[in-house]
Amino acid sequence: MSKIVVTEFVSLDGVIEEPRWTFDFDRATEGDKFKYEELFEAQALLLGRVTYEGFAAAWPNMGHDEFGQRMNNIEKYVVSSTLADEDATWGKTTVLRGDVVVEVTRLKNQTGGNLLVAGSAQLVQTLVAHDLVDEYRLMIFPIVLGAGKRMFPPSLPRPSTLSLTNSQTVGSGVVLLNLSAHADIAS
């Protein structure tokens, strides 16, 4: 069984949309290592269509180092009702169609490594709402943006208690967080 690992650049107020604002911050070598490790620990990427299309346009031109080569060569699953198979040409890509929860649950049950979800706000909100996320790997930046797509849906069917497994402040105040979902909290 796979683990679904959500990785995001997040503002203090929860915005994950178009994270170019992160370039204004120093995430230090520890931040680079954080991103490197999660990518190389992943079996595949699980992406929404908008993120997939953005990555597919950018990463083939950035494959000059190990990280770029891994991004281009790792297996990819993209959730979309509109992306045609012939347009899913960034490396080995499989388009998941139909009921997102059913398809992702099936994928999670059949594979055996981490499925890394980056960006993909709509997909992340669906995964969170249906309790499919196993781990969060977040880079929280000391900025309040005030507007933009949020990581978490505006409401959940029930609270989701997380367990902090690691935290570190690096660079110019960027906080690296590892959180495990499905935490059992003793009373």
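Reply: Start with terms: helices (H or I, at least four residues) and strands (E, at least two) are DSSP runs, numbered from the N terminus. This is a predicted model, where local features need pLDDT of at least 70, side-chain atom pairs count only at pLDDT 80 or more, and totals for chains, interfaces and linings use all residues. Residues are numbered from 1 along each chain as its sequence is written, and side-chain values use heavy atoms, leaving out hydrogens and water.

Me: Which strands does helix 3 lie across?

Reply: Contact means heavy atoms within 4.5 Å. Axes are lines fitted to C-alpha atoms, for helices over the stretch in contact, and angles run from 0 to 180 degrees between N-to-C directions. Helix 3 (residues 66–73) lies across strand 2 (42–48) and strand 3 (75–79), at about 55° to strand 3.

Me: What is the order of the strands in the sheet?

Reply: Strands of a sheet pair through backbone hydrogen bonds, either parallel or antiparallel. Two strands count as paired if DSSP finds at least two bridges between them. Here an open sheet of 8 strands has the order 4-3-2-5-1-6-8-7, with mixed pairing. Strand 4 (93–96) and strand 7 (163–170) are at the edges with a single partner strand each, so one side of each lacks a neighbour in the sheet.

Me: How many bridges join strand 6 to strand 8?

Reply: There are 6, and the two strands run antiparallel. Met 139 stands opposite Leu 176 in strand 8.

Me: Which residues does Leu 138 touch?

Reply: Not counting residues up to four places away in sequence, Leu 138 touches several, including Val 6, Phe 34 and Met 151.
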